[in-house]
Amino acid sequence: MSTTYGSPRLYALKGGNNNSGLSTQLYGSEKHKIKYMTETFDSPGYDPKFFINSPSEELINPSTHPSQFDSSYQTNYELEFFTSQSPEAFEYDEGMVKLKLQELEHALLDDDEDGMDEVITGPDPSTEIDEEWAGPFRNMMVQDSPKESTSSESSYLSSISSKDESLPSPRTTKQLLFDCATLISEGNFKQAASMINELRQMVSIQGEPSQRIAAYMVEGLAARLESSGKVLYKALRCKEPPSFEKLAAMQILFEVCPCFKFGFMAANEAIMEAIKYEKKVHIVDFDINQGNQYINLIRSLAKQRGRSIHLRLTGVDDPESVQRPIGGLKNIGQRLEMLSELEGLPFEFKALPTRTPLVTPEMLDCREGEALVVNFAFLLHHLPDESVSTINLRDQLLRMVKSLNPKLVNIVEQDVNTNTTPFLSRFYEAYSYYSAVFESLDATLPRGGQERINVEKQCLARDIVNIVACEGEERIERYEVAGKWRARMQMAGFRSCPMRKNVSDMIRELIVTQYCNKYKLNEEMGALHFGWENKSLVVASAWN
C-alpha cells in the first residue's frame, strides 16, 4: 500500500481518532508528488550579524518564490573574478583583446578572408567574451593570430602576454570553502571573514548540489568565526512552530534518500528474525521518531499466519525530541494502537517521559517471559562520549542495555566521523559526506521545489552548522564510523548478529527496480552499508 506526501495521512499526528493517520508508505518508492506545508523560518530573538545583507540569508528567511534564483550571482561572480586579480592584468586594452579573439575565432572556423576583414575593422561594443573559452587562448593569441599585427600592437600584446600567464584561474566554491576553513584553523580570522563574504556571492540554496551544500557550510564557518554556532544551531532546531514542518521534512528525507529507509528496513528484518519463535516481545526504542518503522513492523507481524504474538513497545519521550511540542509520543502511540487493532495484533504502548541518559532498568519494566529488543536508530551519536566528558554517556547507556540481557540490539547510524576529528579534518569529512547526500537528493527532488529546500534546511542544515561551528559539549552531532560502533559494542559485551542474505537481496532488488542505480549496498563484517556511488552514508548492524 502506498500514499503520496500530499495525503493528510502523512501528517495525522494531531488527533489520534483519525483513521487516516494509520496509513504510510510501506517500503516501495513512489514518483513523489509532495504537498508541503509552507514554512516560516523565523527565530525570535536571533539575528546573527553575519546573515545580514547576505545572499545566503535565505537560510533563515527563504523567499516565498523558491523558483527565483539570485539574478546577481553570475554578474557578481564575474566581477569578483576580475577584481580579485592583480591590477597589472588590466593594463591591456580590452578592445584590442576582443579584436584578437575575433581574429582567432574566424581562423578556427576557417572563415573567408573577405568576411574576416569585414569583421575585424573594429571591435563591436556589444560583443561579449566567454571567459571560459577565451582565457586559455589569450596567452597564445600573439603568436597564433591569423592576421599580422602592427609592430606597436605586437609589442603591446607581448608585454601583457607574460603577465597573463601568471593569472590564476578562478577558484571553485569547494576550493574557497577549504581555504576559508584552513584560514580559520590557522587563526587568520580577518582574511577568513573576507573570504566568507566572497563565498556568499557564489552560493544558493536553490542551485546545484555544490552550491547548496556550500550555502550551509559557509554559514557554519561564519558561525564558528563569530562564536555563535550554538545560537545558530538552536535557532535552526527550535524555531516556532517547529514540529509539523520538521516531522514532514524528515519523512520526505527518509523516503527520497532511501539510504535512511534501508536502515529502518534492515532493523525490522533483524527483529523479525530474532523473534520468529517468540510469543511475547518487548521493544524499547530510544527515538521512535514518527513511528513509521513500527507501522511497517506491525503489518509484517500481522501477516504471519498461524502465529499469535503479543507486542509491547516502550518509547523514550525525551523532552528535547521533535515530537514533544505536539504532544510527545502520546499521539504516535495512539496511531500504533489503532493500527494494531485493525490488523488484529495484541499491542501495548508506553511513552517514557525522560531524557535518554537518565533511563534506568526499573523504568523500562522488563517482564519475565518477554523477548527484549532494543532499537537505536539515529540516536546514539547525540550522546557525548569519552572525548567530551569522563562520564561517557554513550558507553554508559550501552552497558546498561547489556545488563538487561536483550535478545537483539539494533544500531542504525550515519557512517562518518564527526566526533573526535579536529576541526579541519572534520570539515573535509562533513563536506564529503553531505555532498553525497545533496547529490542523491538531486536525483529525486527538483531543485526549485519548496519541499526539497525544507528537507535540506530542516534535516541537514542544522547538523552541518553544528558540526562545523561548535566544539565541546555544544557539538551535538557526533557521528562515528561503523568500525568505532563495532568496537564500542564489543567492549560493552555484545556479539555481532550478521544480517541474513535475504535482507540484502531484497534491498538490492528495490534499488534496481525503484531507485537510481547510484545507490549502493555493501556488506562488511555483518553490517549493511548503504551509500551513494562510492560514499557510505548509513550503516545498520545487529547485536546480542
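## Salt bridges and a cavity in a predicted model

Glu 471 and Arg 224 join their side chains in a salt bridge, N to O 3.0 Å. This bridge links distant parts of the chain: Glu 471 sits in the loop between α18 (450-469) and α19 (482-491), Arg 224 in helix α9 (residues 209-225), 247 residues apart. Glu 471 is partly exposed, at 32% relative accessible area.

This is a predicted model, in which local features need pLDDT of at least 70, side-chain atom pairs count only at pLDDT 80 or more, and totals for chains, interfaces and linings use all residues. Residues are numbered from 1 along each chain as its sequence is written, and side-chain values use heavy atoms, with hydrogens and water left out.

A salt bridge here is a side-chain nitrogen of Lys or Arg within 4 Å of a carboxyl oxygen of Asp or Glu. By this rule the count is 29 salt bridges. Helices (H or I, at least four residues) and strands (E, at least two) are DSSP runs, numbered from the N terminus. Partly exposed falls between buried (under 20% relative accessible area) and exposed (over 50%), with a 1.4 Å probe and protein chains only.

| Salt bridge | Closest N and O atoms |
|---|---|
| Glu 348 and Arg 367 | 3.9 Å |
| Arg 508 and Glu 523 | 3.4 Å |

Glu 348 bonds to Arg 367 through a salt bridge. Glu 348 lies in strand β3 (residues 347-352) and Arg 367 in the loop between α15 (361-364) and β4 (371-377), so the pair ties together parts 19 residues apart in sequence. Glu 348 is partly exposed at 32%; Arg 367 is too, at 37%.

Arg 508 forms a salt bridge with Glu 523. Helix α20 (residues 501-514) holds Arg 508 and strand β6 (residues 519-524) holds Glu 523, so this pair ties together parts 15 residues apart in sequence. Arg 508 is partly exposed at 31%, and Glu 523 at 44%.

Now the cavities. A cavity is a set of points, on a 1 Å grid over the protein atoms alone, where a 1.4 Å probe fits but cannot get out; lining residues have an atom within 4 Å of a point. The structure holds four cavities of 30 Å³ or more. β8 gives the largest share, four residues.

Terms used. On a 1 Å grid over the protein atoms alone, a cavity is a set of points where a 1.4 Å probe fits but cannot get out, and a pocket is an open set with protein on both sides within 12 Å along at least five of seven lines; lining residues have an atom within 4 Å of a point. Grid points are joined across faces, edges and corners, and a volume is the space filled by probe spheres set on the points.
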